Amino acid sequence: MALISRKSFQLYSSSTPASRSTLMTLSKRLNFISGQQKPQKCSSVAMRMLCLKDKSQYMFCREKHLQLQMQPLSVNETVHLRGDIRNCTESNNVWMDEQLFFKKLNNLCTSKEIFYFLSSLEVMSDTMASGALQRISEVEVDDNGLKNPGLLENEVFRALCFQFEFESSKLSNTGLLNALQALIKLRIDPQSTLMASLLSESEERLGKGQLTAENLCALGESLLELEGPSCAMLEQIVNHMQEKDIERWSPEEIVMVYKILQVTVREGKQCQNLLSRLNSVTLRTVSQLSPNFASVILNSLVVLSQTQAVPLVTALCKHSAKHVPYFTDHELVNVLEAFLYFGQNMQVFTEALERHIPKSILTMHPQTVSKVMQYCCRKKILSKPIFDAVAEGFISNADRLTTDQIAAYITPFGTLNYLPPSASSLFRKLETVLHTRLRHFQPHTLLHLLHSCVLIQRYPINFLPKAFSPYFLQKLQAQPPGLNRAAMSQLTQLFLTVTLECPFYEGPKLLSRYQVKAFPTLHSSPDVHLFKRVKTGLLYLLKKRIYFASEVSTPYFYVVDIEIKLDEEGFVLPVAQLEEVHRRIALCVDGQNRFCAHSHNLLGEEAIKQRHLQLLGYEVVQIPFFEIENLQNTRKVADYLHKKIFPCTYGLSN
């Protein structure tokens, strides 16, 4: 460990009394001199004396300016760097215990206080000096950068930098790498001689294999911040990491290794062996992870496509549920993306969101709220506390949202078929926003938004002429994914909605070439097991298969799960018969995939289908999974179907 002594620092200049002293100062220039002492009266040259362990001494100067964008000083100084404090006869008088030093340092809240504190010390280790730089970076750097650029001209700060530049080879690994991290955070010019010296020394020690796992992580973090994922040294760091005993790594080291692997794999470098070992070690430390660490690791697992690490992902997701109130917006987004990517859906996590979102909705970043709604929508989670809070948030903040965020807030209400208590105010606000910002919406975003409104019987009549206009359709075609089947299905359902539910609409119609022949049933296809039980029960009830048809296409774009035809007197007709059909019964065999998760609330797509079938003349009979799943035999299923389909004759038959 290198020790930096301040006792013999003296500042001399033509305008400053020789008796004035300072802690540490930087020189304007230094010239290298070996084995010969420079006269002290030279006012433009700073002198340094290095006391090594064998107590031999030498002095040197250098003719290069430090690139810190500060005014040059003209000073003489003598600095003692002691290799071992135990060899210093004055150590008892000048040395402060490191633990006490850091305790005092961490209680200081401004760079001015830190510099004053440092000026009271005569000797400190390089670890203490680098810790001081780190504390300065903590108090003087925020999201907008350096709060007080003037601190870079402070004599104490410049003297610290002087020490680190010209004694980089004497520094401990911890002192070297901590100083590098702090100076990067302080936005010191990467091309400066100071940074070049520290980076060169770090690279040399890396090449010689002198860095511990903790050192490798610290260096990797610095390089990511300074040069990004393209830094060539990152691959060397990963190679050295594979030789380390990862069983003993701390959570901090584990997190940094994931970060480094995340960017190296992005660059095409495969390290699955190290990743597998790392995943196993991380699984045992999940309970020790902070909210930030859990979020970072989940994000890395997503980027690294670690779909095989199921135990680790599950443990991290469960752990995350405990920390929902403590995640930052960015961290919560990472966690939600991991839940989506790995297909996780935990009730305990949803409950944590339900407690957190209503209290935080007005302070959460809109992008975080958008991700929460995307998570609920994709997982089909109809959480009334969350949706009600988001509705209130939209009413308050809609004018500050981007068009994508507006759609992200509103679309899930239609998808999950839910109207909040504030529905009137919500859609009145949406209409106002659309009137003022309609032209700013991307075509597909606007189409999704308008379609979601009609799912819950909110009809955007004033905006449908635009949706059916040739100009808008051309824009849809031009923007990826173009006028694909999904887009045309939404357009067709919009058109069918205004035809059936808004007879007063007199605007443009959707041309037939933009209409689909049948709505896709990929996400709403009948549950195979449930469908089979219903058909078996119908056969038991009606005796012959000719009296009902399954998966019947209609002229109105929908596919009916099971159709039964009746004559005027209510007798069942063979499905092939086309004449004397007085009534058509549409059985909707609704499995769990047509409902919100853990709910009996139909999804918007199925709700609008049943609504439209009724308007088209069908008698819709819903056969939901939760009414039939506990019926134990075919006779009971047939009895249930008789009561549901033919309630007027049910009592007579019994």
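Strands here are DSSP runs of E with at least two residues, helices are runs of H or I with at least four, and both are numbered from the N terminus.

Strand β9 (residues 559–566) pairs with β11 in the antiparallel sense over five bridges, and Lys-565 stands opposite Arg-584 of β11. With strand β12 (residues 619–624), β11 runs parallel and is joined by six bridges, Ala-586 standing opposite Val-620 of β12; pairing requires that DSSP finds at least two bridges between two strands.

## Helix α25 against α20

The axes of helix α20 (residues 443–455) and α25 come within 9 Å and cross at roughly 55°, where axes are lines fitted to C-alpha atoms, for helices over the stretch in contact, and angles run from 0 to 180 degrees between N-to-C directions. His-451, Val-454 and Leu-455 of α20 make the contact with Gly-604, Glu-605, Ile-608 and Arg-611 of α25, contact meaning heavy atoms within 4.5 Å.

## Basis of the description

Residues are numbered from 1 along each chain as its sequence is written, and side-chain values use heavy atoms, with hydrogens and water left out. Because the model is predicted, local features need pLDDT of at least 70 and side-chain atom pairs count only at pLDDT 80 or more, whereas totals for chains, interfaces and linings use all residues.
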